[in-house]
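Please keep the sequence and the structure open beside it while reading.

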Amino acid sequence: MRLSFFVGIIAVGLSFLAGNATAHQQKEAYTSIIFNQRSGMLEVQHRFYLHDAEHAAQQVIDKSTDLIGDPVGREAFAYYAISTFSMQDQQQHPITLTYVGTELQGKYLWVYQETPITTNMDGFYLKMTALQELWSEQTNHINVERNKQVTSARLHIADSWQYIEVAKPAQ
């Protein structure tokens, strides 16, 4: 009887420690830039760990920001996120992105943007500084997908613009 009691106590303690370990910040964000030939749009999808985004929102927006329960808080975080992301074409002209919206999906907060695909999109200059002013070890990953080929970049706090050459359009 006593042994099962102690085993139960240890199991509860270990599950508590495991829960705390998963609650720590990941300090990574992921952006996917996808050529959607069907819609003719270049889709930009920013994915943040919800836990990281909540901590950041409470620092850059307001201490009481609730990204899960408050759509206004999510919108405020989305505008923060898109203000930290920039794209330029091959001639280093800014590419204007339209904000589409946000979505909560499991442990992630998604922020969506888009722009029409143009003929001069064979490469991009990219800059993403989201969360880096809060955590210097923050890494922002960017993947550009065209014709099922993916080109990637990792952006750290010391990085400025990164150039990514992408696959040529399908003939």
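1. Glu137 is partly exposed, with a relative accessible area of 47%, whereas Lys27 is buried at 16%; here buried means under 20% relative accessible area, exposed means over 50%, and partly exposed lies in between, with a 1.4 Å probe and protein chains only. These two residues form a salt bridge in which the closest N and O atoms are 3.8 Å apart, a salt bridge being a side-chain nitrogen of Lys or Arg within 4 Å of a carboxyl oxygen of Asp or Glu. The pair links distant parts of the chain, 110 residues apart, with Lys27 in the loop between helix H1 (2-22) and S1 and Glu137 in the loop between strand S6 (123-128) and strand S7 (139-146).

2. The model is predicted, local features need pLDDT of at least 70, side-chain atom pairs count only at pLDDT 80 or more, and totals for chains, interfaces and linings use all residues. Residues are numbered from 1 along each chain as its sequence is written, and side-chain values use heavy atoms, with hydrogens and water left out.

3. As for the overall layout, the protein has three helices and nine strands, where helices (H or I, at least four residues) and strands (E, at least two) are DSSP runs numbered from the N terminus. Read along the sequence, these elements follow the pattern α-β-β-α-α-β-β-β-β-β-β-β. Buried residues make up 39% of the 171 residues in the protein.

4. Strand S2 (residues 41-49) is mostly covered, with eight of its nine residues buried. Strand S1 (residues 28-36) is joined to S2 by eight bridges, and the two run antiparallel; two strands are taken to pair if DSSP finds at least two bridges between them. Within this pairing Ile33 stands opposite Val44 in S2, and in the hairpin of S1 and S2, which has four residues between the strands, Gly40 takes a positive phi near 75°.

5. S2 also pairs with strand S5 (residues 108-116), in the antiparallel sense and over nine bridges. A detail to inspect here is Glu43, which stands opposite Glu114 in S5.

6. Which strands make up the open sheet of three strands? The order is S3-S6-S9, with antiparallel pairing. Strand S3 (85-88) and S9 stand at the edges, each with a single partner strand, so one side of each is left without a neighbour in the sheet. S3 is joined to S6 by four bridges, and Gln88 stands opposite Tyr125 in S6.

7. The largest nonpolar core has 36 residues, and those with the most contacts inside it are Phe48, Phe77, Met87 and Phe124; such a core is a set of buried Ala, Val, Leu, Ile, Met, Phe, Trp, Tyr and Cys residues joined through side-chain atoms within 4.5 Å. The largest share of this core, five residues, comes from helix H3 (residues 71-83). Leaving aside its neighbours within four places in sequence, Phe77 is in contact (heavy atoms within 4.5 Å) with several residues, among them Phe48, Ala53, Ile61, Leu109 and Leu131.

8. Two totals close the note. Of the contacts in the protein with a separation of 6 or more, 59% are accounted for by residues 24 or more positions apart. The protein exposes about 9900 Å², of which carbon and sulfur atoms supply 54%, the areas coming from the Shrake-Rupley method with a 1.4 Å probe and, for residues, only the protein chains shown counting as cover.
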